[in-house]
Number of protein chains: 2
Amino acid sequence: MPDSASLLSDGPAIVLVEPQLGENIGTAARAMANFGLKDLRIVNPREGWPNEKANAAASRADHVIARARVFPTVEAAVADLGFLLATTARSRALAKPVIGPKEAAGALRGRAETAIRGGILFGRERIGLMNEELSLADAIVTLPIDPDYASLNIAQAVLILAYEWRLSGFSDEKAALPFGRPDDPPATKDEVLHLFEHLESALDAAQFFRPPERRPSVVESLRAMLQRASLTGQEVRTLRGVIAALERRPTRPREREDGSLTTERGD
Amino acid sequence: MPDSASLLSDGPAIVLVEPQLGENIGTAARAMANFGLKDLRIVNPREGWPNEKANAAASRADHVIARARVFPTVEAAVADLGFLLATTARSRALAKPVIGPKEAAGALRGRAETAIRGGILFGRERIGLMNEELSLADAIVTLPIDPDYASLNIAQAVLILAYEWRLSGFSDEKAALPFGRPDDPPATKDEVLHLFEHLESALDAAQFFRPPERRPSVVESLRAMLQRASLTGQEVRTLRGVIAALERRPTRPREREDGSLTTERGD
């Protein structure tokens with residue numbers, strides 16, 4: 001009985017059925033590695049195994065290639081699985097549920113969480129999976145491709161399913177990203193307000209607001225623009241330097257008696 | 001001013017910045033075609049343009065290659081866009097929002113619906129995008145890859161974004177799939193009930209239920225199994241034939257006086 005922690009960390013088994021080209025095995029391994037899948041199974045690869053072209057195409061996904069297992073038949077490759085999906089790009093007469101990659105990932109993750117090992121069958125380059133191979137599966141997975149141009153290769157299909165598998169492990173997309181916006185903290189409302197006042201007093205001095213009745217609406221529009229930019233504290237300081245430079249004032253902020261900074265004259 | 005119908009049908013502009021290999025342009029075009037994108041722009045391709053290797057790798061995505069436009073600079077390639085995203089695999093010091101492919105697709109579709117042309121920048125094979133190119137963008141897109149193995153090629157990044165663009169045009173994943181379960185209609189409850197009764201009377205005759213007190217729970221379990229299979233009408237008829245064959249009864253259903261079918265004897 002597998003444990004759910006190792007199933008969740010390895011991801012579902014990716015079973016390539018009779019792939020013709022080593023290169024496709026390598027690019028599929030790379031797609032797996034990109035999204036954290038580790039269990040690659042290959043049924044009767046035409047070029048034999050190990051395969052130099054697979055290694056070359058796998059780029060740095062050596063760990064997936066090194067762990068890959070070769071089986072003589074599909075039945076042997078899926079024997080230990082409790083839940084099996086099969087990919088196909090064409091409608092088949094089989095009366096099985098047809099699901100998309102997101103639902104597939106959710107179903108596989110649900111099984112893994114209850115210690116049921118799942119896998120996905122991927123067919124041969126040209127002819128896909130045979131009906132008797134499809135009949136082993138609990139459901140058919142297909143991708144939401146443009147029906148006018150259905151020509152996804154194996155590694156691309158593996159990539160989309162691996163991508164959805166990885167996403168399914170996070171509460172939302174943002175949590176799954178490897179990095180976020182650099183954490184330069186946003187400016188406080190006080191810093192932003194001082195920027196507004198600095199800009200507006202500089203514009204008053206330059207007699208920018210003409211006629212004066214229009215001042216309130218122009219001020220409002222300038223403030224809206226700056227607000228929308230979600231400035232960081234550093235950016236506010238940069239902009240105050242810019243305004244000061246245009247005013248021909250000293251750009252180095254000075255400390256006020258109360259400890260706050262200013263670039264204004266005679267404060 | 002572009003119209004929203006053509007923006008929605010062409011999809012966002014895919015801008016490849018100084019791609020080194022024609023093959024990558026071709027596989028990117030193919031990824032676009034799979035998910036219905038049409039506007040490919042190439043900035044200063046190293047091998048020149050047109051490119052035989054791009055054509056070969058594009059497979060049947062000739063229509064994307066034929067419409068592709070080449071520009072001398074990134075600025076020229078994005079000049080007509082009102083919303084621009086830039087892909088990067090590494091965290092950068094730029095203070096810009098960082099979003100995932102799903103949010104990116106939603107943002108691009110929202111713009112297209114209001115007739116704003118959007119696009120996505122993809123960087124060079126090895127070194128990605130320069131900081132001054134990233135600074136043209138409204139936001140950074142990155143993919144939820146495994147940080148221990150970040151090595152997505154251009155066509156793979158295009159594929160994921162094109163996939164999310166296509167999904168974003170449908171109310172749910174199921175609606176985006178090119179086909180569903182074959183529409184052999186599900187069995188009616190009446191057909192299923194007659195199957196249950198047929199099976200149970202055959203098992204009664206074979207004295208399967210022993211001790212007889214266990215009959216109700218075994219019947220319940222058999223019915224649950226069959227119910228879970230969501231049988232079609234055709235499958236129910238097949239199973240009744242199977243039971244009749246095992247009973248050594250005639251397998252051809254006969255018509256009753258009321259017009260219903262039966263495989264039972266002496267009805």
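A salt bridge is a side-chain nitrogen of Lys or Arg within 4 Å of a carboxyl oxygen of Asp or Glu. Keep that rule in mind for the first stop. The model is predicted, so local features need pLDDT of at least 70 and side-chain atom pairs need 80 or more, while totals for chains, interfaces and linings use all residues. Residues are numbered from 1 along each chain as its sequence is written, chains are lettered from A, and side-chain values use heavy atoms without hydrogens or water.

**Stop 1: the interface**

Select B:K174 and A:E103. They form a salt bridge, with the closest N and O atoms 3.0 Å apart. The interface of chain A and chain B has 2 salt bridges by this rule.

Now select helix 8 (154-167) of chain A. Helices are DSSP runs of H or I, at least four residues, numbered from the N terminus. Helix 8 gives the most to the side of chain A that touches chain B, with 7 residues.

Show the whole contact (heavy atoms within 4.5 Å). It takes 56 residues from chain A and 56 residues from chain B. Color A:P144, A:Y149 and A:F179 next. These three supply 17% of the area that chain A buries against chain B. Buried area here is the accessible area (1.4 Å probe) that two parts lose on being put together, summed over both.

**Stop 2: A:E133**

Go to helix 7 (residues 131-134) of chain A and pick A:E133. Is A:E133 buried or exposed? A:E133 is buried, because its relative accessible area is 10%, and buried means under 20% (1.4 Å probe, protein chains only).

Technical notes. Helices (H or I, at least four residues) and strands (E, at least two) are DSSP runs, numbered from the N terminus. Buried means under 20% relative accessible area, exposed over 50%, partly exposed in between (1.4 Å probe, protein chains only).
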